4 protein chains.
Amino acid sequence: MFNTHTIPIRVRYTEVDSMGYLHHSRHLQYFEMGRIELLRAHGISYADLEREGVFFVVVKVAVNYKAPARYDDELTLTTKIARQTPVRIDHTYELLKGKTLVADGSTTIACVGRDGQLRAIPELLQGHGES
Amino acid sequence: MFNTHTIPIRVRYTEVDSMGYLHHSRHLQYFEMGRIELLRAHGISYADLEREGVFFVVVKVAVNYKAPARYDDELTLTTKIARQTPVRIDHTYELLKGKTLVADGSTTIACVGRDGQLRAIPELLQGHGES
Amino acid sequence: MFNTHTIPIRVRYTEVDSMGYLHHSRHLQYFEMGRIELLRAHGISYADLEREGVFFVVVKVAVNYKAPARYDDELTLTTKIARQTPVRIDHTYELLKGKTLVADGSTTIACVGRDGQLRAIPELLQGHGES
Amino acid sequence: MFNTHTIPIRVRYTEVDSMGYLHHSRHLQYFEMGRIELLRAHGISYADLEREGVFFVVVKVAVNYKAPARYDDELTLTTKIARQTPVRIDHTYELLKGKTLVADGSTTIACVGRDGQLRAIPELLQGHGES
């Protein structure tokens, strides 16, 4: 349970394309919001981590777009930690509009230091992976 | 040969994140630029297609991020048609900085009409798929 | 009263710059949200207007930035119609964080048809200007 | 002469709105590119300044939009230092498409430290203001 977090996201006007659909690159920004809010649900601020030299870089993404979302739609995004190693975290995502699946996806993020080199995920973030 | 097209892309300041790296959602916007320029290399304007009620929606994306790109880096993106059916086109992408692979990826796009329903890809765009 | 409308806006992670501050170009996107919501408070959908060939183009903006806004700040934006002519509307804006003024600004928008030429603002939108 | 710098900017697909026009918030991002390139023409890297704790925040902008720019238009932006005080720089901008004025504008930026407090503009950047 603690590895899953759901947030509401309202589609903004500047996020839709010339057809009036949520642009497909925005889903990645929503997933990022999901990860940040999942951290915060554990009392961890991503901004604080960055100040301490802990960064997460995205190494892999996959998205399946199932249904369009439009300006002003109220969506819900569920973010889940699927797997965690000492340096990486795999998340999965479900973006819904009511009961309709708008998109699902997955990402792998890796922990790096200020120098961009891989480093261990801080202990504070350990133990969230046994879903 | 005709199914492959390469363009230069310079990373803009507004596209980098707080680490100074190209934000991972931007790669999808670059891939979109690649598709549009590949069409144009065939003398086809995406804006014209839209005016005639021919739209392409993205149904699937996958990206592997291999190396960071930074503000002002001059990248080259190669876009290739990997497969084409009557209603869908699969593209693959390689984003390079010099000889370094920054990212590779793939997308599936589907042809829809103004109503958002699947429709046949116009003949004009047929026959580009036999790579 | 009917010419003024206030909405909440939460600052998203992708909207902040490398200092962690809301990027100054985002304020214009927020103002646009304010105008769209002011219309909606009158029961008018901007998307519907566009479908009928009524567009508004921005011809002038001015913004004064007074205090930074940061990721996740909950702001309130008040949008006001300051003046309306047969073809133009002037709005003013106040963006607050609690009682602190984050920014104020003004815009002039003009009504154009599908051809981009000036046209009269539809009657439906008349009479909102006597503030 | 040294206070003026001109760069080419090509309008990207993701920068246009549902009418196919360059979105009015993008002009501020272009102006930012102009300022950064003007610095670079003096051999100064904005990224380096930031690493040394020198930041510039925008305190005021004004833009007049004169003509639409569309996807793939090749524009030229001329950025000029109009005035400089110990802590502030005023720039003016002209964005052209061929000989047509797309937009002009002005900004005031202020120099701040990592703490967000006003600080003197580094000497390195002094003396560019006597236009």
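Predicted model: local features only at pLDDT ≥ 70, side-chain atom pairs only at ≥ 80, totals over all residues.
1. Fold of chain A. Two helices and five strands make up the secondary structure of chain A. Read from the N terminus, these elements follow the pattern β-α-α-β-β-β-β. With a radius of gyration of 15 Å, close to the 14 Å given by the globule rule for 131 residues, chain A is as compact as a globular protein of that length. Its C-alpha trace spans about 45 × 30 × 25 Å along the principal axes.

2. Burial and contact range in chain A. Of the 131 residues, 35% count as buried. Among contacts in chain A with a separation of 6 or more, 68% are between residues 24 or more positions apart.

3. Ten strands form an open sheet with antiparallel pairing, in the order S1(A)-S3(A)-S4(A)-S5(A)-S2(A)-S2(B)-S5(B)-S4(B)-S3(B)-S1(B). Its edge strands are S1 (4-10) of chain A and S1 (4-10) of chain B, each of which pairs on one side only. On average, and with direction ignored, neighbouring strands of this sheet are turned by 25° against each other.

4. Pairing within chain A and the helix on the sheet. Strand S2(A) and strand S5 (residues 100-112) of chain A are antiparallel and pair over ten bridges. In this part of the sheet, A:Lys60 stands opposite A:Thr108 of S5(A). Helix H1 (residues 26-41) of chain A packs on the sheet, where it touches S1, S2, strand S3 (74-84), strand S4 (88-97) and S5 of chain A. The direction of H1(A) makes about 130° with that of S1(A).

5. The corresponding elements of chain B. Helix H1(B) lies across S1, S2, strand S3 (74-84), strand S4 (88-97) and strand S5 (100-112) of chain B, and runs at about 130° to S1(B). Strands S2(B) and S5(B) run antiparallel and are joined by ten bridges; B:Val63 has B:Gly105 in S5(B) as its bridge partner. Ten bridges also join S4(B) to S5(B), again in the antiparallel sense, with B:Thr92 opposite B:Ser106 in S5(B). The hairpin of S4(B) and S5(B) has two residues between the strands, and in this hairpin B:Gly98 takes a positive phi near 65°.

6. The bridge partner of A:Ala62 in S2(B) is B:Ala62.

7. The side of chain B that touches chain A. In this interface, 18 residues of chain B are in contact with 18 residues of chain A. Helix H1 (26-41) and strand S2 (55-65) of chain B each supply at least two residues of the contacting side. Strand S2(B) gives the most, with nine residues. By class, this side of chain B has ten nonpolar, six polar and two charged residues.

8. Relation of chain B to chain A. The same surface serves both copies, as 100% of the contact residues of chain B recur in chain A.

9. Relation of chain A to chain C. Chain A can likewise be laid on chain C by a turn of 180° and a shift of 0.0 Å along the axis, with an RMSD of 0.0 Å. This is the relation of a two-fold axis. Of the residues of chain A, A:Arg10 comes closest to this rotation axis, at 5.3 Å (C-alpha). Here too the same surface serves both copies, and 100% of the contact residues of chain A recur in chain C.

Methods
Residues numbered from 1 in each chain as written. Chains lettered and ligands numbered in written order. Helix = DSSP H or I, 4+ residues; strand = E, 2+ residues; numbered from the N terminus. Rg over C-alpha atoms; globule rule 2.2 N^0.38 Å. Buried ≥ 20, exposed ≤ 12 C-beta atoms within 10 Å, placed from the backbone. Contact = placed C-beta atoms within 7 Å. Nonpolar A, V, L, I, M, F, W, Y, C, P; charged D, E, K, R; others polar. Pairing = 2+ DSSP bridges. Least-squares fit on C-alpha atoms with pLDDT ≥ 70 in both. Axes fitted to C-alpha atoms, helices over the stretch in contact; angles between N-to-C directions.
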